[in-house]
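Take a moment to look over this protein and the spaces inside its fold. The paragraphs below walk through it one place after another.

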Amino acid sequence: MEARILWADDEIDLLKPHILFLEEKGYQIDTVNNGADAVDLAAETHYDIIFLDENMPGLNGLETLAKIKAKDQTVPVIMITKSEEEYIMEEAIGGQISDYLIKPVNPNQILLSLKKNLKQKDLVSQKTSHDYQIEFRQIGMRLNDRLDADEWSDIYRQLVNWEIKLEKSKDDGMKEIFAMQKKEANTQFCRFIDKNYRDWLDGDEDAPLLSHKLLKERVFPNLGNGPLFLVVIDNLRFDQWLVLKPLISEFFNVDDESLFYSILPTATHYARNAIFAGLMPADIEKKHPDLWLNENDEGGKNMYEKELLEKNLQRNHLDIKMSYNKVIKLDFAKRLVDRFNDLLKNDLNVLVYNFVDMLSHARTEMEVIKELADDESAYRSLTASWFNHSPLKEILKKIAKNGHKLVITTDHGTIRVDSPVKIVGDKHTNTNLRYKVGKNLGYNEKEVLVSSDPEAIRLPRENVSSSFVFAKENDFFAYPNNFNYYANYYRDTFQHGGVSLEEVIIPFIELSPK
């Protein structure tokens with residue numbers, strides 16, 4: 001049986017050929033010739049879809065619709081009308097009706113409307129799977145080419161778009177194929193980073209835009225045309241931006257949606273300090289030793305972002321008025337909304353928003369968050385839900401209302417880890433699960449990326465034998481002691497600091513108010 005349909009029309013007898021046509025296609029049709037009977041039948045029986053004649057005596061189509069929807073808001077209703085009246089279109093746009101048809105209707109119109117409303121998800125799923133099969137081969141062939149940094153950004157953009165499309169598909173087999181291709185892409189990308197990263201820092205002309213050059217090349221040129229707002233959302237991946245995009249597009253035009261590369265380690269201590277300082281970490285330590293803390297130094301490692309930004313502005317001869325605000329708690333964000341007008345006095349307003357970072361950590365520590373975001377799709381959905389109810393949305397609406405330009409970016413992404421890798425270090429080794437820095441670290445070289453000379457990748461060297469070791473792809477570090485406990489505890493959590501497409505290739509968005 002295809003579906004059960006209720007059809008209400010005061011001239012239902014004249015529609016007998018249409019009904020026979022649909023019954024031959026496998027549909028079960030119940031018919032009534034007035035709105036009151038339609039309301040009663042709809043209350044007694046579950047229908048997959050309902051056809052309503054708009055112009056019936058007694059209860060007309062819209063009155064019948066209201067009574068049916070009052071009891072079951074989810075049932076699809078197709079209105080059949082003699083003319084394309086504006087109020088019918090408004091009902092369709094408002095979601096009360098799923099479709100409308102203009103009399104006289106023919107059987108094929110009815111069948112098309114049924115397929116569109118009853119089988120749309122299946123048809124979209126089939127089309128998505130078919131299209132991905134074609135592009136799967138193209139992406140696979142590209143992964144075997146010698147790609148440059150821009151081409152890797154294109155590959156990642158393709159993969160993210162397909163991941164979001166396929167999450168709505170019912171084809172579990174195709175989702176498994178995608179997961180395999182994404183893993184293969186990450187394997188190849190890690191090799192690419194291992195081969196090219198040092199050359200980029202030495203001035204290779206093929207180097208992508210990296211964290212420490214972001215403000216000078218992409219933000220500072222936008223200064224001088226009224227207040228500019230720079231919002232840095234910690235841990236914001238490109239896929240998370242894509243779910244926020246339609247929400248933010250309600251009041252902003254997206255002028256540019258580009259990707260840049262986070263420096264290594266893809267961790268806040270290094271990447272975000274590099275963004276604000278306009279310098280690599282080793283250079284921050286040399287030029288501003290009072291503003292840099294190494295791994296074993298006591299105190300917060302990102303306490304001096306405002307001061308580093310001020311030094312960066314001075315170095316670039318930008319004598320401007322700016323504000324810097326870091327949002328860690330909800331109350332502070334609400335106070336920022338209240339004093340928004342004060343920000344309009346500045347040439348540059350920087351807002352660092354830590355929610356997504358806190359979300360990833362909370363998901364590790366709290367069972368309820370794990371259940372709410374038990375996979376990538378749910379993690380994206382939770383990000384969108386947070387934004388919709390956050391003071392950040394109110395701040396962005398105020399920016400748009402006042403006609404000012406906005407830049408949204410991040411310091412690094414995160415990856416969902418699932419494979420523990422053993423590493424040995426002394427008590428001074430840092431605790432991050434995706435990178436380790438210390439002396440005499442023990443590891444399997446085939447499982448990691450290593451820089452035994454931190455200065456070669458412009459990172460501080462705490463002592464002569466210090467080295468940096470980075471986890472690859474979906475791996476995370478665990479010590480041999482209590483290995484199984486920590487492996488199980490951290491498996492399937494979102495981490496950052498290592499090398500993967502998700503952590504390294506991150507969004508930079510320029511927006512103008514609508």
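The second largest cavity is lined by Tyr156, Val160, Glu163, Lys182, Arg237, Asp239, Glu376 and Glu502. Keep in mind that this is a predicted model. The space in this cavity comes to about 30 Å³. Which helix gives the largest share of its lining? Helix 7 does, with 3 residues. By class, the lining has 2 nonpolar residues, no polar ones and 6 charged ones.

Now turn to the largest pocket. Its volume is about 560 Å³. A set of 20 residues lines the pocket, and Glu163, Phe178, Ala179, Glu376 and Arg416 lie nearest its centre. Two of these names, Glu163 and Glu376, are also in the lining of the second largest cavity. Helix 7 (149-166), helix 8 (172-201), helix 18 (376-388) and strand 11 (415-417) each give two or more residues to the pocket lining. Helix 8 gives the most, with 6 residues. What kinds of residue line the largest pocket? The lining divides into 12 charged, 5 nonpolar and 3 polar residues.

How many cavities of 30 Å³ or more does a search of the whole structure find? The search finds 2. The largest cavity has a volume of about 60 Å³. Its lining includes Phe229, Leu230 and Val231, along with Leu336, Leu343, Ile395 and Ile399. Ser323, Asn325 and Asn349 are also among the lining residues. Strand 6 (228-233), strand 8, strand 9 and helix 19 each supply at least two residues. This lining has 9 nonpolar residues, 3 polar ones and no charged ones.

Leu336 leads on to helix 14. This helix spans residues 330-338, and its buried residues are Ala333, Leu336 and Val337. Why do these residues line one face of the helix? Seen down the axis of helix 14, they fall within an arc of 100°, so they share one face. The face turned away from the buried side carries Asp331 and Asp338, which are exposed. What covers the buried residues? The cover includes strand 8 (322-327), helix 15 (340-343), strand 9 (348-353) and helix 19 (391-401).

Next comes a pair of helices. Two packed helices are described by the angle between their axes and the distance between the axes. Here the pair is helix 11 (residues 268-277) and helix 13 (residues 305-315). Their axes come within 7 Å and cross at roughly 35°. On the helix 11 side, the contact is made by Arg272, Asn273, Ile275, Phe276 and Ala277. Helix 13 brings Glu305, Leu308, Leu309, Asn312 and Arg315. The contact residues divide into 5 nonpolar, 2 polar and 3 charged.

Ile12 sits between strand 1 (4-8) and helix 1 (16-24). Is Ile12 buried or exposed? Its relative accessibility is 10%, so Ile12 counts as buried; the cut-off for buried is under 20%. Which residues does Ile12 touch, leaving aside its neighbours within four places in sequence? Ile12 is in contact with Trp7, Ile19, Thr31, Val32 and Asn33. Take Asn33 from that list. Ile12 and Asn33 are 21 residues apart in sequence, and their C-alpha atoms are 5.9 Å apart in space.

How values were computed:
Residues are numbered from 1 along each chain as its sequence is written. This is a predicted model: local features need pLDDT of at least 70, side-chain atom pairs count only at pLDDT 80 or more; totals for chains, interfaces and linings use all residues. Side-chain values use heavy atoms; hydrogens and water are left out. Buried means under 20% relative accessible area, exposed over 50%, partly exposed in between (1.4 Å probe, protein chains only). Helices (H or I, at least four residues) and strands (E, at least two) are DSSP runs, numbered from the N terminus. The arc is that of the directions from the helix axis to the C-beta atoms. Contact means heavy atoms within 4.5 Å. On a 1 Å grid over the protein atoms alone, a cavity is a set of points where a 1.4 Å probe fits but cannot get out, and a pocket is an open set with protein on both sides within 12 Å along at least five of seven lines; lining residues have an atom within 4 Å of a point. Grid points are joined across faces, edges and corners, and a volume is the space filled by probe spheres set on the points. Ala, Val, Leu, Ile, Met, Phe, Trp, Tyr, Cys and Pro count as nonpolar, Asp, Glu, Lys and Arg as charged, and the others, Gly among them, as polar. Axes are lines fitted to C-alpha atoms, for helices over the stretch in contact, and angles run from 0 to 180 degrees between N-to-C directions.
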